[in-house]
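I open this notebook to record what I looked up in the structure, entry by entry, with the sequence and coordinates at hand.

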Amino acid sequence: MRKWIIASCLALAAALPLAAQRTGETPEQKAQRMEWFDKAKLGIFIHWGIYAVDGVSESWSFYNNYLPYSEYMAQKDGFTAAKYNPAEWARLIKESGAQYTVITSKHHDGVALWDTKASDLSVPKQTAAKKDVLTPFVKEIRKQGLKLGLYYSLLDWSHPDYPNFTKTETRYSIADDPARWQRFVDFDFAQLKELSKAYKPDLFWFDGDWEQSAETWHAPGIIGLLTSYNKNVIVNSRIQGYGDYGTPEQGVPTIRPEDRYWELCYTINDSWGFQHTDVNFKTPQMVLKTFVDCLSMGGNLLLDIGPREDGTIPEEEVAVLKELGRWTRKHKEAVYNTRAGIPAGHVHGWTTLNEAGDILYIYLPYKPIGSVEVKGIVNRVNRVWVVGSGQMLNYKVYNKVYWNEIPGLLEIDVPEQALDPGITVLAVLLDGPAKVYRGAGQVITAN
Ligand code: GLC
């Protein structure tokens with residue numbers, strides 16, 4: 001019995017536990033709609049709001065009663081956007097190698113970044129900044145040719161018609177006053193219509209769906225509204241089963257998520273928004289490792305930055321984005337057109353495959369001592385090189401016996417001079433789509 005499996009088949013195992021099929025759309029049409037997202041690999045998330053003034057947790061700080069609502073809202077007077085330079089933000093995002101961005105158009109606190117007509121609670125109407133800060137950002141993002149994602153919280157703890165206010169205080173129950181709830185639904189629809197019309201986002205990133213059911217949110221109606229403005233719009237999973245892709249948050253998956261499409265949302269320190277006391281920044285190389293980890297499992301990284309109230313971005317975050325940029329520019333062939341690699345355990349390092357499946361990329365976050373060993377590759381190896389420089393590497397296969405089908409050990413020499421200061425990438429060209437041996441060894445049958 002053949003004990004090896006075709007690795008490329010793994011990439012096609014496409015269960016969609018969170019994502020529902022969009023009405024009238026075939027799987028092929030969905031694949032087409034998701035194509036840019038699938039290839040984008042890196043996105044930059046932006047949490048910007050009045051919470052950056054005192055550096056408290058976004059919206060949750062009043063919901064969890066860490067501070068009174070009035071004190072939370074008083075931050076509006078300190079939100080100046082005085083040094084806000086959206087062109088610089090967009091350039092930095094572009095420079096990082098990200099292909100898309102997602103910005104908090106409205107977080108759970110209800111403060112809209114744009115000049116919404118559906119309520120008075122917005123940055124232009126009620127903060128010291130006195131201006132719409134979303135429109136100029138969208139313009140710059142488009143100028144850079146990046147895809148636009150808008151984060152939108154379905155729930156709104158500030159809205160007088162939203163039932164929940166804080167952890168301990170509710171306004172009313174939907175069952176007792178459906179007409180009041182309907183007013184809130186109309187409000188969400190009105191804002192989503194404004195956003196769709198004004199900005200034509202490529203992606204909606206919903207949040208807060210857990211407080212109500214799909215039916216209560218009118219989830220199918222929301223999807224209908226968004227697609228009436230952009231039939232190709234992509235929606236994340238946080239809309240009670242009506243989204244397109246999974247959104248694991250913070251914890252890096254250790255096995256490949258079941259969703260065919262997924263994106264890890266992830267902070268650089270421990271907070272989404274700016275917090276003065278949170279200096280627990282990851283190093284650029286740590287973030288790079290997580291990025292490659294996501295690539296190896298066929299997912300995207302949505303990396304968050306939290307600008308200060310004046311619009312400046314903390315230096316530690318800028319440094320991470322710049323290092324991602326250096327690395328993605330050098331290694332683009334091993335970033336954007338890749339898919340999940342071979343299963344873990346074949347090499348010490350992460351792997352991906354090119355689209356055809358005949359180039360195995362190996363990512364080394366360390367300085368090897370001696371040669372790099374790859375086991376279980378059934379294919380013949382045609383050549384090995386260093387991504388970024390094209391430098392050819394010497395390699396040899398050991399221990400291949402003729403009487404069993406277990407591949408030998410591929411040993412690749414990686415000279416010190418070929419190493420990248422962050423993560424070194426090797427490309428292994430195979431004689432066809434990658435096949436890996438996944439058995440537990442064989443006893444002797446001949447000699
Ligand atoms: C969570 C939080 C929120 C944050 C979001 C980002 O669901 O509610 O504060 O914006 O995750 O993924």
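Is Cys 294 buried or exposed? I find Cys 294 buried, at a relative accessible area of 0%, and I note beside it that the model is a predicted one.

Entry on the cysteines. I searched the whole structure for disulfides and found zero. Cys 265 takes part in none, its nearest cysteine sulfur being that of Cys 294, 10 Å away. Seen from Cys 294, the closest cysteine sulfur is in Cys 265, and because the separation is 10 Å, it is too far for a bond. I also looked up the accessibility of Cys 265, which is buried with a relative accessible area of 0%.

Entry on helix α10. I checked the length of α10, residues 178–199: at 1.5 Å a residue its 22 residues should span 32 Å, and the end C-alpha atoms lie 31 Å apart, which agrees. Among the buried residues of α10 I listed Trp 181, Phe 184, Phe 187, Leu 192 and Tyr 199, and also the charged residues Arg 180, Asp 188 and Glu 194. The cover over the buried residues of α10 includes the strands β3, β4 and β5 as well as the helices α9, α11 and α12. After α10 comes Lys 200, for which I read a positive phi, near 45°.

Entry on Glu 309. I located Glu 309 in the loop between β8 (300–305) and α14 (315–330). Glu 309 is buried yet has no salt bridge, and the nearest side chain of opposite charge, that of Lys 83, is 8.0 Å away. Leaving aside residues up to four places away in sequence, I noted that Glu 309 touches Trp 48, Ala 52, Val 53, Gly 78, Phe 79, Thr 80 and Ala 81.

Technical notes
Residues are numbered from 1 along each chain as its sequence is written. This is a predicted model: local features need pLDDT of at least 70, side-chain atom pairs count only at pLDDT 80 or more; totals for chains, interfaces and linings use all residues. Side-chain values use heavy atoms; hydrogens and water are left out. Helices (H or I, at least four residues) and strands (E, at least two) are DSSP runs, numbered from the N terminus. The expected span of a helix is 1.5 Å times one less than its number of residues. Buried means under 20% relative accessible area, exposed over 50%, partly exposed in between (1.4 Å probe, protein chains only). Contact means heavy atoms within 4.5 Å. A disulfide is a pair of cysteine sulfur atoms within 2.5 Å. A salt bridge is a side-chain nitrogen of Lys or Arg within 4 Å of a carboxyl oxygen of Asp or Glu.
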